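Have the structure open while you read.

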Amino acid sequence: MTARSAAFALLAFFVATFIFFCVAAPRFATASNMENLMSGFSFVAILAIGQSFPILLRGIDLSVGAIVALAGMIVFDLELIFHLPGWLILPIALVAATLAGALNGWLVVKLKLQPFIATLATLAAYRGLVYSISGRQLVPGLSTTPIRDPWITGLETYFDFGSLLGISDWVTLPWVPLSFFIMLVVLAAFHFLLGSTRFGRSLYTVGGNPEAARLAGIDTARVTLAGYAVSGFCAGLAAILLVARLTTATEALGTGMEMSAIAAAVIGGVSLSGGIGSVVGPVIGAFLLGTILIGLTLLGISQYVQQILTGAILVAAVGYDRILDLRRRRRLVANLAEETHA
Amino acid sequence: MSNKDDTLNGGDRRDFLKGLALGSAALGAAGAGLFGVDPKTGSIGPSSAMAAGNIKMAFIQWQPHTVSSAWSKGMEEVLKTQQTVDYRLLDGQNKVEVQVSLMDTLINEGAAVIFLQPIDSVALAPSIAKAKRSGISVITLNIDATEAHAAHVEMNHYYGAMDIAKAFGDKLGGKGDVAILNAPPGIIIRDQRTNGFLDGLKKYHPAIKVVADQSADWSRKKAQDVITTLLAANPNLAGVYGVNDSMALGAVDVAKAKGLTGKLVIFGNDGEKDALESIEAGELTGTQYTDVYQQGRFAAAAATVLASGLVPATAFKQQGKLLMPYVIATKETVGTIQPSQRW
């Protein structure tokens with residue numbers, strides 16, 4: 001099965017799951033539920049897009065949840081302690097998150113640390129940093145002060161296309177959250193970056209075969225560093241959307257989000273053995289997870305069962321990835337054998 | 001029919017439709033109820049009509065914990081009895097975004113009342129506002145939210161801690177050095193309990209001196225380490241107040257190991273089963289006991305009255321508040337707490 005047909009299989013599975021819940025779960029097929037799905041999982045999709053880059057490079061980024069908290073707390077501090085304007089805060093937070101990601105890449109490239117270990121270490125370090133810079137603890141009273149800057153809260157905006165198109169009298173369309181459009185823009189940008197630029201081709205080559213990439217004259221260190229920086233950038237963006245939604249940041253923000261991001265990426269067909277996958281799959285993976293979680297909640301199924309099920313789906317996706325990988329290797333060996341015979 | 005305005009902001013949309021729906025439901029219910037007495041409950045009025053379709057209520061907890069599961073048990077007891085309420089417990093998994101997503105789901109489901117133990121007072125405020133716009137009453141437990149809602153039912157943090165300070169000082173004979181094992185900053189409960197304790201000391205026992213106030217992260221293990229260090233630095237330490245029982249029990253562990261049982265006055269807060277047993281064993285000096293099953297029942301009682309009385313979330317002029325009765329449990333009073341009240 002090729003990568004393309006695997007993507008179609010994923011899409012088909014997503015559509016089937018979606019239709020199942022539309023039929024089976026009460027109030028799943030409603031406009032407000034579609035809104036909930038879009039506003040509740042767009043940031044997970046953005047995290048999954050970011051996570052795809054380290055995984056494409058045969059690595060992983062466990063620190064994304066901590067980077068979410070770090071970027072969130074930077075927004076919190078700059079807004080409530082330093083009273084900077086929102087238009088200045090947002091780029092600062094994004095740059096900080098990107099740098100945090102780049103530091104992961106630096107540890108992997110320069111110190112030659114295993115990505116798992118490097119990002120596990122920064123997970124702890126970034127989370128510690130969040131606690132130490134937390135304005136909630138440094139300044140009494142801030143923990144109950146909401147963020148009101150329109151530049152930030154404005155990100156939690158919904159668009160009513162039903163009224164814009166003048167069809168709201170006949171159908172109730174979901175109001176589409178701005179975060180969903182931001183996710184689409186990120187998706188388009190990184191899809192273009194991966195598919196149509198030299199950087200993208202280099203990234204696939206480095207992930208697929210680092211030695212060959214080096215021999216082909218690709219600056220593998222730079223590509224790797226950039227890959228982790230992208231993951232950090234996406235975590236920063238997700239943090240900003242979350243802060244806009246919550247009107248605050250907490251020290252524990254983003255805890256466990258690396259699990260959702262990695263699960264969505266792997267379910268989305270990004271191969272853990274590197275070099276194979278897209279950013280479209282992870283987005284579908286994120287909304288698949290969201291559909292299942294919301295659908296099961298509406299069906300009244302215990303959340304503990306939901307967590308088990310999420311784990312099972314992840315195992316299935318990893319297992320499937322493994323089978324594909326083995327098949328590819330076998331084909332490669334067969335091809336080589338044929339060539340030597342000829 | 002159009003219920004949407006042209007603004008791009010999530011604000012007041014659908015209120016009108018929802019309002020119409022709620023209003024007609026209320027009228028229908030009232031109409032149906034006015035014609036007779038319910039043969040099962042004997043009540044006259046809207047509540048009898050509600051049996052036609054059960055109303056939904058749910059509790060979103062912080063994370064699995066003895067306190068929240070006892071609340072849930074108390075709520076379930078009351079709500080089951082009504083025969084007209086479907087109740088369920090949902091888990092926030094210690095993540096604000098999960099609680100927010102669950103709020104959204106319950107709002108979409110058209111729940112009548114949402115019980116909420118918010119992880120953060122600010123982060124859940126937009127969700128509470130959204131629920132309110134949809135006519136859903138939100139009742140918070142223990143941790144208040146910055147957005148006004150139907151009601152808040154809390155353990156009596158401030159006044160209870162004042163009474164702890166009084167009993168604490170009495171045991172110390174009105175003087176001595178004491179330490180506070182505190183929660184990490186940023187949680188309202190921490191401030192309420194700490195301020196109550198300090199104000200209580202000022203009022204009843206001004207000669208007592210607080211020599212240390214350190215965070216032990218709510219944890220028994222962490223409290224053991226912190227108190228060991230504190231005892232080394234303050235050999236004259238006469239008393240310890242843990243803002244929850246786990247931390248107080250951590251201090252008890254250290255006192256036992258150092259042969260200070262009975263000499264070091266140690267108070268906790270909450271009143272969980274382990275703490276009460278420790279008081280009976282003569283180790284922990286005392287704690288503020290709250291019947292949390294009862295707290296759940298009270299919240300459920302308020303919810304039932306609101307829902308069966310068809311009181312919409314928008315009807316409140318300001319947020320309702322209920323403080324739980326409590327007992328300062330010491331060796332002398334702990335026997336009054338019945339086994340069925342222990343959690």
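**Where the chains meet**

Let's start with one pair: Asp120(B) and Arg136(A) form a salt bridge, and their closest N and O atoms sit 2.1 Å apart. Keep in mind that this is a predicted model. The rule finds 2 salt bridges across the interface of chain B and chain A.

**Extent of the interface**

- Chain A puts 44 residues into the contact, and chain B puts in 37 residues.
- An interface's size is often quoted as the accessible area lost when the parts come together.
- For chain B and chain A, the buried area comes to about 3,300 Å², with 51% of it from carbon and sulfur atoms.

**Polar pairs and the chain B side**

- Going by the rule, 9 residue pairs are in polar contact across the interface of chain B and chain A, both residues being at pLDDT 80 or more.
- On the side of chain B that touches chain A, the elements giving two or more residues are strand E2 (85-91), helix H4 (96-109) and helix H5 (125-133) of chain B.
- H4(B) supplies the largest share of that side, with 9 residues.
- Sorted by type, the residues on the side of chain B that touches chain A are 13 charged, 12 polar and 12 nonpolar.

**Cysteines**

- The disulfide count over all chains is 0 by this rule.
- Cys234(A) has 0% relative accessibility, so it counts as buried.
- Cys22(A) has a relative accessible area of 27%, so this residue is classed as partly exposed.

Terms used: Residues are numbered from 1 along each chain as its sequence is written. Chains are lettered from A and ligands numbered from 1 in the order in which they are written. This is a predicted model: local features need pLDDT of at least 70, side-chain atom pairs count only at pLDDT 80 or more; totals for chains, interfaces and linings use all residues. Side-chain values use heavy atoms; hydrogens and water are left out. Contact means heavy atoms within 4.5 Å. Buried area is the accessible area (1.4 Å probe) that two parts lose on being put together, summed over both. A salt bridge is a side-chain nitrogen of Lys or Arg within 4 Å of a carboxyl oxygen of Asp or Glu. A polar contact is a pair of N or O atoms within 3.5 Å; within protein, one must be able to donate a hydrogen and the other to accept it, and residues adjacent in sequence count only if both atoms are side-chain atoms. Helices (H or I, at least four residues) and strands (E, at least two) are DSSP runs, numbered from the N terminus. Ala, Val, Leu, Ile, Met, Phe, Trp, Tyr, Cys and Pro count as nonpolar, Asp, Glu, Lys and Arg as charged, and the others, Gly among them, as polar. A disulfide is a pair of cysteine sulfur atoms within 2.5 Å. Buried means under 20% relative accessible area, exposed over 50%, partly exposed in between (1.4 Å probe, protein chains only).
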